[in-house]
Amino acid sequence: MCDLATRLPLLIGRLLDREANLKRGRFREETMTDIFTGALAAFAGPELVIEYPVEAETGGDIDLRFWHVETSRELHLRIQAKRLNAMFNGKTMTKVAHRSYHELLHKPHTSVDYQFKTLVDAPDPWVPLYMFYNHQSVVEDPYFASGGPTVSGVNLAFATDIAGEMQAKLDAATATPKSVKHHKRLSHLRKHLFGLDALLCPAGDWGGAGVPPPGAVSEALRASWGARGQGSARTKDEDVILRILSEPDTLSPDRRPGRRISDGPPVRVDRSLERPVVTFISGRTDDDRTPSIAEDVRERRR
């Protein structure tokens with residue numbers, strides 16, 4: 001898992017760099033998310049289950065569920081993916097400092113609200129996050145070599161932080177006088193970013209499991225929430241206190257009567273889902289609280 005947290009951002013960053021050679025346009029968020037879930041599929045088994053909908057209704061979105069069976073503690077993350085754009089109007093290469101996530105202000109045809117508002121309104125117990133996909137050439141550019149959190153091929157951010165930036169951009173566009181806020185730019189949003197290791201390779205005791213338990217992931221996310229990204233801790237005491245007090249309750253894993261995964265294969269289809277769900281199962285027990293996960297029915301019965 002820790003190796004994946006290091007290698008996957010590099011892979012995705014390099015793929016985005018190579019899309020300039022494509023004849024059919026650019027990679028979409030769904031493509032990068034498929035690569036993410038495909039990489040996790042290498043770990044599919046008793047400790048990791050991937051469930052796919054018949055047809056995803058939410059683009060590159062994905063749900064991650066960290067479940068510790070023995071303590072019944074769970075942590076739920078709802079992730080929306082956005083990729084960095086390299087071209088302006090699909091024609092001219094944009095300067096690295098001006099690269100932005102064009103689709104952050106996307107409004108689906110079937111919705112009256114912007115997508116970012118729907119994400120931050122995710123119901124309890126979901127913690128809404130953004131997953132940003134970035135070009136490796138941008139990651140390695142001297143412009144991002146210092147001065148803030150590390151930019152990588154895959155970065156995370158709390159949706160509430162990004163939503164605040166998007167709302168400020170919308171408000172400025174309708175104010176009197178109007179003004180243009182470049183709040184979709186990576187250079188502006190960098191202060192909110194943190195790494196994929198918070199989810200796949202958090203520090204702490206994993207209890208011998210091969211996947212991170214909810215407690216370890218929770219602590220990593222809480223550290224990122226308090227600092228709003230590695231290397232960008234607040235300088236004013238009151239800012240630090242306000243940030244800690246505003247921490248979402250859902251960042252702490254809770255004992256919940258969650259949906260028990262049925263016995264079956266580690267990679268499966270569930271017609272009731274709207275988006276892929278990856279469940280990390282730690283704290284396995286020898287009783288019926290723990291589902292039997294195996295490809296072969298005979299193996300599940302043993």
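Analyst: Begin with a charge over a ring: NZ of Lys or CZ of Arg within 6 Å of the ring centre and within 35 degrees of the ring normal. Lys 107 sits over the face of Tyr 114, 4.6 Å from the ring centre. Likewise, Arg 65 covers the face of Trp 67 at 4.8 Å. This is a predicted model: local features need pLDDT of at least 70, side-chain atom pairs pLDDT 80 or more, while totals for chains, interfaces and linings use all residues. Residues are numbered from 1 along each chain as its sequence is written, and side-chain values use heavy atoms, without hydrogens and water.

User: Why is the pair of Tyr 114 and Phe 116 called stacked?

Analyst: A pair of aromatic rings is described by the distance of the centres and the angle of the planes. Rings of Phe, Tyr and Trp (its six-membered ring) pair with centres within 6.5 Å; planes under 30 degrees apart are stacked, over 60 edge-to-face, the rest tilted. The whole structure has 7 aromatic pairs. The centres of Tyr 114 and Phe 116 are 5.9 Å apart and their planes at 25 degrees, so this pair is stacked.

User: Is Phe 116 buried or exposed?

Analyst: Buried means under 20% relative accessible area, exposed over 50%, partly exposed in between (1.4 Å probe, protein chains only). Phe 116 is buried, at 2%. Tyr 114 is partly exposed, at 23%.

User: Which residues of strand 7 lie on each side?

Analyst: In a regular strand the side chains alternate between the two faces of the sheet. Strands (E, at least two residues) are DSSP runs, numbered from the N terminus. In strand 7, Val 154, Leu 156 and Phe 158 take one side, Asn 155 and Ala 157 the other, and all are buried.

Conventions. Helix = DSSP H or I, 4+ residues; strand = E, 2+ residues; numbered from the N terminus.
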